[in-house]
Amino acid sequence: MLNENIKTYRKQKGYTQETLAQELNVVRQTVSKWEKGYSVPDAVMLERMAELFEVSVGDLLGDEMKNEVQQADLEKISAQLAVLNNQLARELGRKRKIRKFFKTLFIIIIFVIALSVLAVSLFLVKTDSLVSESVDCEVEDKLDEAISDAIMNKSKGYLGECPTENHLVYGIEENDDTVTVYLYEQFNSFGFENGFFIPVGGHASPAVYKFKCTENSFEFIDSKYPQDGSLYGKSIKKMFPFKYERRALDGPTDNERDVMWFNTVTQAQRYLEKIGRKATVCEYGDIEHRLLEDCGISTEVSNQMLDLMPNYDFQIGNHEVIEEGKRFVYQTDYDRKGDCITFTKFEYDSGNVVEFTAVDGSNGKVLNNVPRPDKAEYIMGSIVSSSNNHNPTTVVSYIE
């Protein structure tokens, strides 16, 4: 079955549900639903998973579905050929009309072309400089600041305590008092996990922003994003002018990603300095993640824990949360000898335990005979090699 194959190949590659979700730009709950059989990925997601797992789509779907997949592929190709033939016929008809038009209005067309070339040249000069030549650097900085503020304001509600943003501007169009910005935006929200400061939420996507320009200030109007799955490419082509289309489809280059990560780390470091905290800033995949299942806990019991203790991690370790101005640690641990899973909430500064639950690792039942400790010991994690080949691991430590 597809759901079992996804889970099997994911474990063979050493991915957690969280890391696989990051690779596919979906949330972890989506991967969990696939593996439980509550939903299925679309064709694009199947191809991306097959590439990650280094198997064919047929292997991922299962032997009994290979013939159906091959037949579906043939039908898809036939449909695409039919569309192309129709487009070609329309294109030939359009060219015949254009040739006839040239014969009758040749002089007018030459004049229009000359004006068009001049207009396009002036537009490209303005686009390459991000703003028109009459706009000074101060206005350019205000537009950049307005983009940053818009990304931050639209991204409120993510987990974590330190929001960061990056953006790449592909081009700008001005129409009266409206400014349209074609860009790539990236948002990350950092939080403490197992003693490391890592992105615990965020998104990245091409986008189109509109601003109202008044007296060298920019007021955000709205934004548009491409659709997910198989409609992603088509929606980008509708949103972006042709000259920015390729960049939007390809996304940032490796060098641009490195620069964006450096900027992200810099923002995270500033936050650490502000709160006077020493921590290592790194990516999610750079630190070890040990699931309950890796400790021998059955999948059934592990899934029960997600419902029983929703505020805690589904893996061994902890994360920190600021509640009413006070920092708490939610920590999950496993006593292999006693086959006991413990969930402990304690104050970060004092270590005083404010909540404690012990669960039988064999059946998922709460153990009432385990006393609550007064103090808790913070679990520290460790660095591992990253499997994120397209974005080299970068670990940066902030030293007080």
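**Figure 1. Alanine 279 in strand β5 of a predicted model.** Alanine 279 is buried, with a relative accessible area of 6%, where buried means under 20% relative accessible area, exposed means over 50% and partly exposed lies in between (1.4 Å probe, protein chains only). This alanine is found in strand β5, residues 279-281; helices (H or I, at least four residues) and strands (E, at least two) are DSSP runs, numbered from the N terminus. Although alanine 279 and isoleucine 198 are 81 residues apart in sequence, their C-alpha atoms are 9.8 Å apart in space. The model is predicted, and local features need pLDDT of at least 70, side-chain atom pairs count only at pLDDT 80 or more, while totals for chains, interfaces and linings use all residues. Residues are numbered from 1 along each chain as its sequence is written, and side-chain values use heavy atoms, with hydrogens and water left out.

**Figure 2. Alanine 248 and the residues that it touches.** Alanine 248 has its place in helix α10, residues 242-250, and counts as buried because its relative accessibility is 1%. Not counting residues up to four places away in sequence, alanine 248 touches Tyr170, Pro206, Tyr232, Ile236 and Phe240, a contact being heavy atoms within 4.5 Å.

**Figure 3. The largest nonpolar core.** A nonpolar core is a set of buried Ala, Val, Leu, Ile, Met, Phe, Trp, Tyr and Cys residues joined through side-chain atoms within 4.5 Å, and the largest one here has 16 residues. Those with the most contacts inside this core are Ile6, Leu20, Leu24, Trp34, Met49, Phe53 and Leu60. The elements that give two or more residues to the core are α1 (2-12), α2 (17-24), α3 (28-36), α4 (43-53) and α5 (57-61), and the largest share, five residues, comes from α4. Leaving aside neighbours within four places in sequence, isoleucine 6 is in contact with Leu20, Trp34, Glu35, Pro41, Met49, Phe53 and Leu60. Apart from this core lies another, of 15 residues, among them Leu183, Phe187, Ala207 and Phe218.

**Figure 4. Two aromatic pairs.** Rings of Phe, Tyr and Trp (its six-membered ring) pair if their centres lie within 6.5 Å, and planes under 30 degrees apart count as stacked, over 60 as edge-to-face and the rest as tilted; a search of the whole structure finds 16 such pairs. The pair of phenylalanine 190 and tryptophan 261 is stacked, because the ring centres are 6.5 Å apart and the planes stand at 25 degrees. This pair links distant parts of the chain, with phenylalanine 190 in strand β2 (residues 178-193) and tryptophan 261 in helix α11 (residues 254-275), 71 residues apart, and both residues are buried. The rings of tyrosine 312 and tyrosine 330 have their centres 5.1 Å apart and their planes at 75 degrees, so this pair is edge-to-face. Tyrosine 312 lies in the loop between α12 (299-308) and β7 (315-323), while tyrosine 330 lies in strand β8 (residues 326-335), and both tyrosines are buried.

**Figure 5. Salt bridges between charged side chains.** The structure holds eleven salt bridges, each a side-chain nitrogen of Lys or Arg within 4 Å of a carboxyl oxygen of Asp or Glu. Arginine 327 forms one with glutamate 161, the closest N and O atoms being 2.9 Å apart. In this pair, arginine 327 belongs to strand β8 and glutamate 161 to the loop between α8 (137-154) and β1 (162-175), 166 residues apart, and both residues are buried. Lysine 345 forms a salt bridge with glutamate 323, where the closest N and O atoms are also 2.9 Å apart. Lysine 345 lies in strand β9 (residues 340-347) and glutamate 323 in strand β7, so the pair ties together parts that are 22 residues apart in sequence. Lysine 345 counts as buried at 13% relative accessibility, whereas glutamate 323, at 26%, counts as partly exposed. Salt bridges that share partners join Glu161, Arg277, Glu320 and Arg327 into one network.
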